Amino acid sequence: MSNVESAASAASASAAADLGRLAALLTGAEPLNWVITGDSITHGLVHTQGERSYPEHLHELIRGELGRTRDVVVNTAISGHRLTDILDDWERRIDSWRPDVVTLMIGTNDLATGPGSDTVEPAAFAASLREFVARVRAVGAIPVLQTPPSIDIPNAPGRERIAEFADAVREVAATDDVVLVDQHARFTEWGHGGVPWGLMGDPFHPNAAGHAALALELANALGICPQPGADRTLPLLEARVAMARLGA
């Protein structure tokens with residue numbers, strides 16, 4: 001896509017248009033590049049205990065069940081990172097992959113306070129999110145924002161501001177008309193207003209079942225739904241989440 005085309009695409013972008021465009025791309029023959037980025041939750045280390053993370057589930061759905069074998073699904077998330085880390089490493093984390101779709105789940109580290117942490121205010125976080133969205137749209141890609149899942153606040157000192165940062169993601173998604181996957185709202189719903197214990201590996205990292213839940217929300221929001229008879233992964237993810245919630 002040329003710079004002129006990218007600028008025009010960015011100017012006319014909206015969540016509805018992006019979803020419509022993605023639906024058309026998924027039925028087309030051209031391969032897509034998917035970049036999934038964020039912090040440790042998206043990085044997916046340790047807390048899944050060797051099971052698949054939500055980007056890996058998305059990979060199976062896209063390249064396996066949708067049969068889009070020439071698509072590339074890359075996870076550039078890094079544990080401990082904040083949004084400014086991604087913006088400062090833009091070429092490696094986003095741009096060099098020539099993405100068609102970029103998903104971002106961030107905020108759990110940005111909101112942290114305490115010794116060794118620079119305090120980030122929600123307004124500054126929202127401004128960085130807007131810059132992220134603008135950069136994604138400038139290269140002609142579809143931005144997808146995800147709120148971080150809920151946190152066990154009493155056992156996660158320094159991360160009490162989770163609701164404010166989830167609201168900041170929602171605000172940017174609304175004002176900039178970006179596709180939003182509200183993982184925080186879903187996890188809070190499953191936790192009956194709190195934390196869904198069966199989906200958590202520690203106070204703020206989802207476990208393997210939690211990653212199944214994240215994958216379900218993301219896939220459903222983006223319309224990644226295999227045809228009947230080929231839909232093996234989604235039912236398994238749904239069962240995994242249901243069993244974890246029952247056993248909590």
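Author: Arg-137 is buried, with a relative accessible area of 9%, where buried means under 20%, exposed over 50% and partly exposed in between (1.4 Å probe, protein chains only). Its salt-bridge partner is Asp-18, with the closest N and O atoms 3.7 Å apart; a salt bridge is here a side-chain nitrogen of Lys or Arg within 4 Å of a carboxyl oxygen of Asp or Glu. Asp-18 belongs to helix 2 (residues 15–27) and Arg-137 to helix 7 (residues 122–138), so the pair ties together parts that are 119 residues apart in sequence. Helices (H or I, at least four residues) and strands (E, at least two) are DSSP runs, numbered from the N terminus. Asp-18 is buried as well, at a relative accessible area of 5%.

The model is predicted: local features need pLDDT of at least 70 and side-chain atom pairs count only at pLDDT 80 or more, while totals for chains, interfaces and linings use all residues. Residues are numbered from 1 along each chain as its sequence is written, and side-chain values use heavy atoms, with hydrogens and water left out.

Over the whole structure, 13 salt bridges are found. Among them, Glu-65 pairs with Arg-232, the closest N and O atoms being 3.9 Å apart. Glu-65 lies in helix 4 (residues 54–65) and Arg-232 in the loop between helix 10 (208–222) and helix 11 (233–247), so this contact ties together parts that are 167 residues apart in sequence. Glu-65 is buried at 9% relative accessibility, whereas Arg-232 is exposed at 57%. A further salt bridge joins Glu-60 and Arg-52, at 2.2 Å from N to O. Glu-60 is partly exposed at 28%, and Arg-52 is partly exposed at 42%. Elsewhere, Arg-130, Glu-171 and Asp-176 form a network of salt bridges.

Arg-52, Glu-60 and Arg-232 are also among the residues lining the second largest pocket. A pocket is, on a 1 Å grid over the protein atoms alone, an open set of points where a 1.4 Å probe fits, with protein on both sides within 12 Å along at least five of seven lines; lining residues have an atom within 4 Å of a point. The volume of this pocket is about 180 Å³, taken as the space filled by probe spheres set on the points, which are joined across faces, edges and corners. Helix 4, helix 10 and helix 11 each give two or more residues to its lining, and helix 11 gives the most, with four.
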